[in-house]
Amino acid sequence: MTIENDRPYLEIQGRYPLSGEVSISGAKNAALVIMAGALLCSDECRIRNVPALADIDRMSQILSALGVNVRRERDCLDIDARDLRRVQAPYDLVSQLRASFFAIGPILARTGEANIPLPGGCAIGARPVDIHVRGLQAMGADVTIEHGIVHASVRGNGRLQGARFCLDYPSVGATETLMMAATLAEGETILENAAREPEVIDLANFCISMGARIEGAGTPTIVISGVPRLHSTDYPIIPDRIEAGTLLIAGAITRSPISLYPVIPDHLAAVIAKLREIGPDVIEEAPNRLRVVPRDLQASDIETQPYPGFPTDMQSQFMALLTLSEGSSVINETVFENRLQHVAELKRLGADIKVKGNVAVVRGVPFLSGAPVMATDLRASAALVLAGLAAQGTTIVQGLHHLDRGYDNLEGKLRGLGAKLRRVEPLTTEVLEPVTVS
């Protein structure tokens, strides 16, 4: 594989131990949907602990294109949607970010009309919006899809009506979209078979802080009693459980004891249980602090499931760890049908992996060897960085636009723990010197 000299890449010197502690940023998936939720507010909102990510920047651009005033200062976002007028989001921005589709619920609830392009994002599988559409229709909206645009409107007084709706699958996005839409609907809405992810709970708590009436978030049944309007709030985003899980793997794969904070250990229960099954221990040093203690690595089987099961967003990182575990592991990806694209790149590093359909059999090898690799999606990029930390020699990770979508300065945090890596910026003409190791 050749290195593209017009795009940034990471150069990683592997097999160096890590130590110390690292801070965890706010949750990407909570921040994005809460930014959309701010459209429900008739006043100004402040959202704190917002990570610095490309996806956050894109969502800010989408809100600005809708006529919303968005200001950022350090990790705080001030969002003023009191004069929300525009009901059509720009295709060129929405097509790059799936989470932007969540805006359809708040815009429809506030204005009675919304026109949102079908979403984009990582190419990890079909993530249809049919559940969102049918849920909005159950609440009285007229919804059509023409030329890639979802058109939704509410007849009569412009208010959605409370309804009982059972999701075919506990889709996080559909749960969030319908919960937001229901906050301003007339009457009571009951969502059954709802997603239970911590990000759903965080969105519910954000809406409650603005005056919404929501019960049952985090359970399969969420009950929303609509209110006429929501008011301003100052709300902190929860810590990112996927970033925390990724850094726990960084300690495990490099055989290094490291501490992480702030975290909510309950959000990481499935990850911690699987890590202990593989070998490393995870100690709760404080209510919001975890420490990974390295141990020998043993094979373990994984099946991704909706929360509280094992998260699909941690599948690729654990695959990287299992490439160096003793024995054979079976990974069954049940959530997204195209989420094994990183297998070919891990094999470039010397991993022994066989794939049939959505099942990967990983046979542990004694070591990985550095090589140029290409990230295929957000979580795959993190897996390749982890593998590079453990590989002998130099690993070049390309496709960093994926990494920048969901990790706030991951390379800087790893360097702070002692990792030997650097980001090489595009269009450089100088000869690259090897990373110096003290």
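**View 1. Threonine 246 within helix α8.** Threonine 246 is found in helix α8, which covers residues 241-253; helices (H or I, at least four residues) and strands (E, at least two) are DSSP runs, numbered from the N terminus. With a relative accessible area of 1%, threonine 246 is buried, where buried means under 20% relative accessible area, exposed over 50%, and partly exposed in between, for a 1.4 Å probe and protein chains only. Leaving aside neighbours within four places in sequence, threonine 246 is in contact with Met314, Gln317, Ala382, Leu386 and Tyr407, a contact being heavy atoms within 4.5 Å. This is a predicted model, in which local features need pLDDT of at least 70 and side-chain atom pairs count only at pLDDT 80 or more, while totals for chains, interfaces and linings use all residues. Residues are numbered from 1 along each chain as its sequence is written, and side-chain values use heavy atoms, with hydrogens and water left out.

**View 2. Confidence along the chain.** The average pLDDT of the chain is 92, and 94% of the residues score at least 70; pLDDT is the predictor's confidence in each residue, from 0 to 100. Over residues 121-127 the pLDDT stays under 50, and for this stretch the model has 24 contacts beyond four places in sequence. Residues 428-438 also have a pLDDT below 50, and that stretch has twelve contacts in the model beyond near neighbours in sequence.

**View 3. The packing of helices α6 and α7.** Helix α6 (residues 172-183) packs with helix α7 (residues 198-209) at an angle of about 10°, and their axes are 10 Å apart; the axes are lines fitted to C-alpha atoms, for helices over the stretch in contact, and angles run from 0 to 180 degrees between N-to-C directions. The two helices, α6 and α7, are therefore roughly parallel to each other, given that angles under 35 degrees count as roughly parallel, over 145 as roughly antiparallel, 65 to 115 as roughly perpendicular and the rest as oblique. On the α6 side, Val172, Thr175, Glu176, Met179, Met180 and Thr183 meet Glu199, Val200, Leu203, Ala204 and Cys207 in α7. The residues of this contact divide into seven nonpolar, two polar and two charged, where Ala, Val, Leu, Ile, Met, Phe, Trp, Tyr, Cys and Pro count as nonpolar, Asp, Glu, Lys and Arg as charged, and the others, Gly among them, as polar.

View 4. Valine 129 lies in the loop between β6 (113-117) and α5 (130-138), and at 8% relative accessibility valine 129 counts as buried. Not counting residues up to four places away in sequence, valine 129 touches Arg98, Phe101, Leu118 and Pro119. Between valine 129 and threonine 175 there are 46 residues in sequence and 11 Å in space, C-alpha to C-alpha.

View 5. For cysteine 41, which is in no disulfide, the nearest cysteine sulfur is that of cysteine 45, 3.5 Å away; cysteine 41 is buried, with a relative accessible area of 0%. Cysteine 76 is likewise in no disulfide, the nearest cysteine sulfur, that of cysteine 45, being 13 Å away, and at 13% relative accessibility cysteine 76 counts as buried.

**View 6. Threonine 304 and the loop from β17 to α10.** Threonine 304 has its place in the loop between β17 (302-303) and α10 (315-322), and with a relative accessible area of 0% threonine 304 is buried. Residues up to four places away in sequence aside, threonine 304 touches Phe310, Pro311, Thr312, Gln315, Asn332, Glu333, Thr334 and Val335. Methionine 314 is ten residues from threonine 304 in sequence and 8.7 Å from threonine 304 in space, C-alpha to C-alpha. Proline 308 also lies in the loop between β17 and α10, and a cis peptide bond, with omega about 15°, joins tyrosine 307 to proline 308.

View 7. Most residues other than glycine have a negative phi, and most peptide bonds are trans. Tyrosine 261 and proline 262 are joined by a cis peptide bond with omega about -15°, and proline 262 is in the loop between β14 (258-261) and α9 (269-278). Arginine 74, a residue other than glycine, has a positive phi near 55°; arginine 74 lies in the loop between β4 (69-73) and β5 (76-80) and is exposed, with a relative accessible area of 69%. Asparagine 409 has a positive phi near 55° and lies in the loop between α13 (400-406) and α14 (410-416), where asparagine 409 is partly exposed, with a relative accessible area of 43%.

Methods: Disulfide = S-S within 2.5 Å.
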